[in-house]
Amino acid sequence: MARPREGARLVRLPGKENWYIKDGTVRTKSGRGFLMSTGTTNRAEAESLLETHNLRKKMPLNPCISDLLDIRMDDLKVNKPGRVPNTVYMHNTLKQYLGALRPEQLLPPVLNGFRQRFQHVPSMLRSNLVELKTTLSLAQKYKQIAEVPYIELPPQNSPKDRHLTPEEAECLWNTAESAHLKLFIHLALVTGARKGAILDLTWDRVDLTNRRLDFNNPDKPITNKRRPRSPITQETARLLADAKQYAESDHVIEYNGKKLLDIKKSFKRAAIKAGLHDVTAHTLKHTAISWLAQKGFSPEKISALTETHPNTVRRHYQKFSPAHLQEEANCLGEIASFSTQYAKPKK
């Protein structure tokens, strides 16, 4: 009885420093088992290449878009697990409308029809098309398709400049009907944390003695969406201490003794009642960063407090700083001061 062939695994060969991938289930043209150097001595890097090898083995011949999306999802689960939940929604949409097609069938009329169907939600349309291009590029990398068909992307939306004035923020807080919404608004304004990070915050990550809030959820993978460990004022610490006395769950923001899954509805009611338009819970993060910029704090300090990338702060918020580029403008004004003189009247 023939011995069963071993699957893909990492091995070290005598006299070789690099890790090798050995796979008895894959045969070369000469009939031998598959053996390939990973080109690295690092075990973690070699494991990643082994995962890539296993993904390639799963690929069907003449794959359709649904097949390639499945491979893309497997790749995300290995390399970027934090992106899986949001990507699932995009894959469901792409599979529903384009899943049965093969890559070469993504012709302009087909893609135009997809664009027209979702033209009323341009940000969603762009996200889906970007994910489709990424999936096809991955398939090309794995040599599953020869080339990536051209996919034109709609332009990115301009970032929203909307932020609240202190008076608007106070009005919003006053119109909030529930204690948990008032607490949410307060924490968002004094930390600049994202909605999801605040809703995820549990009491074991609230240090009232040292006045620190740790928004990093140990049960969730780290993603590009940064979550700060924020200092708080003595007043905020007292507010949290009062809220903790009446807590019925592990979460700081709770409703009926349970974690609040979303605050969208109650926040919208408060915003409408306060007469505020184009305002969402995320506007509070924009507001906190804008207030700091208006007070002249550097992008590095704003980034450190709110865990927003410094480049994002410079690109979108530094314009709110009263001193932003003022020195440079003054320099040019002095050089060109001759052009500010009124023309002498003719005699």
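**Stop 1: a histidine in a helix**

Select His91, which is found in helix H3. Helices here are DSSP runs of H or I with at least four residues, strands are DSSP runs of E with at least two, and both are numbered from the N terminus. This is a predicted model: local features need pLDDT of at least 70, side-chain atom pairs count only at pLDDT 80 or more, and totals for chains, interfaces and linings use all residues. Residues are numbered from 1 along each chain as its sequence is written, and side-chain values use heavy atoms, with hydrogens and water left out.

Is His91 buried or exposed? His91 counts as buried, at 4% relative accessibility. Buried means under 20% relative accessible area, exposed means over 50%, and partly exposed is in between, using a 1.4 Å probe and protein chains only.

Now show side chains. Those of His91 and Glu131 are joined by a polar contact of 2.9 Å. A polar contact is a pair of N or O atoms within 3.5 Å; within protein, one must be able to donate a hydrogen and the other to accept it, and residues adjacent in sequence count only if both atoms are side-chain atoms. Leaving aside neighbours within four places in sequence, His91 is in contact with Leu69, Arg72, Met73, Glu131 and Thr135. Contact means heavy atoms within 4.5 Å.

**Stop 2**

Angles under 35 degrees count as roughly parallel, over 145 as roughly antiparallel, 65 to 115 as roughly perpendicular, and the rest as oblique. Axes are lines fitted to C-alpha atoms, for helices over the stretch in contact, and angles run from 0 to 180 degrees between N-to-C directions.

H3 passes H4 in a right-handed crossing. A crossing is right-handed if the near helix is turned clockwise from the far one by less than a right angle, and left-handed if anticlockwise.

Which residues make the contact? Select Thr93, Leu94, Tyr97 and Leu98 of H3, then Val110, Phe114 and Arg117 of H4. By class, this contact of H3 with H4 has five nonpolar, one polar and one charged residues. Ala, Val, Leu, Ile, Met, Phe, Trp, Tyr, Cys and Pro count as nonpolar, Asp, Glu, Lys and Arg as charged, and the others, Gly among them, as polar.

**Stop 3**

Select helix H6 (residues 166–175) and helix H7 (residues 179–191). Their packing angle is about 155°, and their axes are 9 Å apart. That makes H6 roughly antiparallel to H7. The crossing of H6 past H7 is left-handed. Ala169, Leu172, Trp173 and Asn174 in H6 meet Lys182, Ile185 and Leu189 in H7. This contact has five nonpolar, one polar and one charged residues.

H7 passes H9 in a left-handed crossing. From H7, pick Leu183, His186, Leu187 and Val190; they meet Thr236, Leu239, Leu240 and Ala243 in H9. By class, that contact has six nonpolar, two polar and no charged residues.

**Stop 3: two loops**

Go to Thr202, in the loop between helix H8 (195–200) and strand S4 (206–207). Thr202 is buried, with a relative accessible area of 13%. Its side chain is joined to that of Asp204 by a polar contact of 2.4 Å. Beyond neighbours within four places in sequence, Thr202 is in contact with Asp250, His251 and Val252.

Next, select Ala247, in the loop between helix H9 (234–245) and strand S7 (254–255). Ala247 counts as partly exposed, at 28% relative accessibility. Leaving aside neighbours within four places in sequence, Ala247 is in contact with Trp203 and Glu254.

**Stop 4: positive phi**

Most residues other than glycine have a negative phi. Select Arg211, in the loop between S4 and strand S5 (212–214). Its phi is near 55°, a positive value. Then pick Asn256, in the loop between S7 and strand S8 (258–259). Asn256 has a positive phi of about 55°. Asn256 is exposed, with a relative accessible area of 63%.
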